[in-house]
Amino acid sequence: MEETRRSVPFECRSCWHVWQEDYTVRHEEDDHGNAGEVWLRGGLPAPPPSSGAVCPQCGCQQSTTFPDGYLSHHPELTAQAEPGAPDATPLLSPVRGPLY
Ligand SMILES: [Zn+2]
């Protein structure tokens, strides 16, 4: 049995939100030697990703998928979708040294 991790990118056609969902694809053979794929999400069987996934932002189902690897060629799509890392620099005025 073989498992492949897949990150499937989606785009909402209603609000243009772009997100990814992580799936595990389990390749199995049944008793007759027919190869099959079982899609898992969070360890649970899930339908294969397709158009119609629910948008996490607006809740509509007007979503579409991208080809694999699409987002790696368009990093700007996810860059604005994810919240930026918090700035660790405290917002303090520069300390110029002891005043006395
Ligand atoms: Zn949406």
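Mentor: Two terms come before anything else. Helices (H or I, at least four residues) and strands (E, at least two) are DSSP runs, numbered from the N terminus. Two strands pair if DSSP finds at least two bridges between them. This is a predicted model, in which local features need pLDDT of at least 70 and side-chain atom pairs count only at pLDDT 80 or more, while totals for chains, interfaces and linings use all residues. Residues are numbered from 1 along each chain as its sequence is written.

Trainee: Which residue in E2 does Glu2 stand opposite?
Mentor: Strand E1 covers residues 2–12 and strand E2 covers residues 18–29. The two pair in the antiparallel sense over 10 bridges. Within E2, Arg6 has Tyr23 as its bridge partner. The residue opposite Glu2 is His27.

Trainee: What is the bridge partner of His27 in E3?
Mentor: Strand E3 spans residues 35–41 and pairs with E2 in the antiparallel sense over 6 bridges. One of the residue pairs joins Val25 to Trp39 in E3. For His27, the partner in E3 is Glu37.

Trainee: In what order do the 5 strands lie in the open sheet?
Mentor: E1 also pairs with strand E5 (residues 63–65), in the antiparallel sense and over 3 bridges; there, Phe10 has Thr65 as its bridge partner. E3 and E4 run antiparallel and are joined by 2 bridges, and Arg41 has Leu44 in E4 as its bridge partner. The pairing in this open sheet is antiparallel, and the order is E4-E3-E2-E1-E5.

Trainee: Why is one side of E4 and of E5 left without a neighbour in the sheet?
Mentor: Strand E4 (44–45) and E5 each have a single partner strand. One side of each is therefore left without a neighbour, because both stand at the edges.

Trainee: Which residue in the turn between E3 and E4 has a positive phi?
Mentor: The hairpin of E2 and E3 has 5 residues between the strands, and Gly33 in its turn has a positive phi of about 80 degrees. The hairpin of E3 and E4 has 2 residues between the strands. Its turn residue with a positive phi, of about 65 degrees, is Gly42.

Trainee: What value does the phi of Trp16 take?
Mentor: Trp16 lies in the loop between E1 and E2, a hairpin with 5 residues between the strands. Trp16 is a residue other than glycine, yet its phi is positive, near 65 degrees.

Trainee: Is Trp16 buried or exposed?
Mentor: A residue is buried if 20 or more other C-beta atoms lie within 10 Å of its own, exposed if 12 or fewer, and partly exposed in between, with C-beta atoms placed from the backbone. Trp16 has 12 other C-beta atoms within 10 Å, so this residue is exposed.

Trainee: Which residues does Glu28 touch, not counting those up to four places away in sequence?
Mentor: Glu28 is found in strand E2 and counts as exposed because it has 12 C-beta neighbours inside 10 Å. Its C-alpha atom is separated by 7.2 Å from that of Glu2, 26 residues apart along the chain. Two residues are in contact if their C-beta atoms, placed from the backbone, lie within 7 Å. On that basis, Glu28 touches Met1, Gly36 and Val38.

Trainee: What pattern does the chain follow along the sequence?
Mentor: The secondary structure comes to 2 helices and 5 strands. Of the 100 residues in the chain, buried residues make up 9%. Read along the sequence, the pattern is β-β-β-β-β-α-α.
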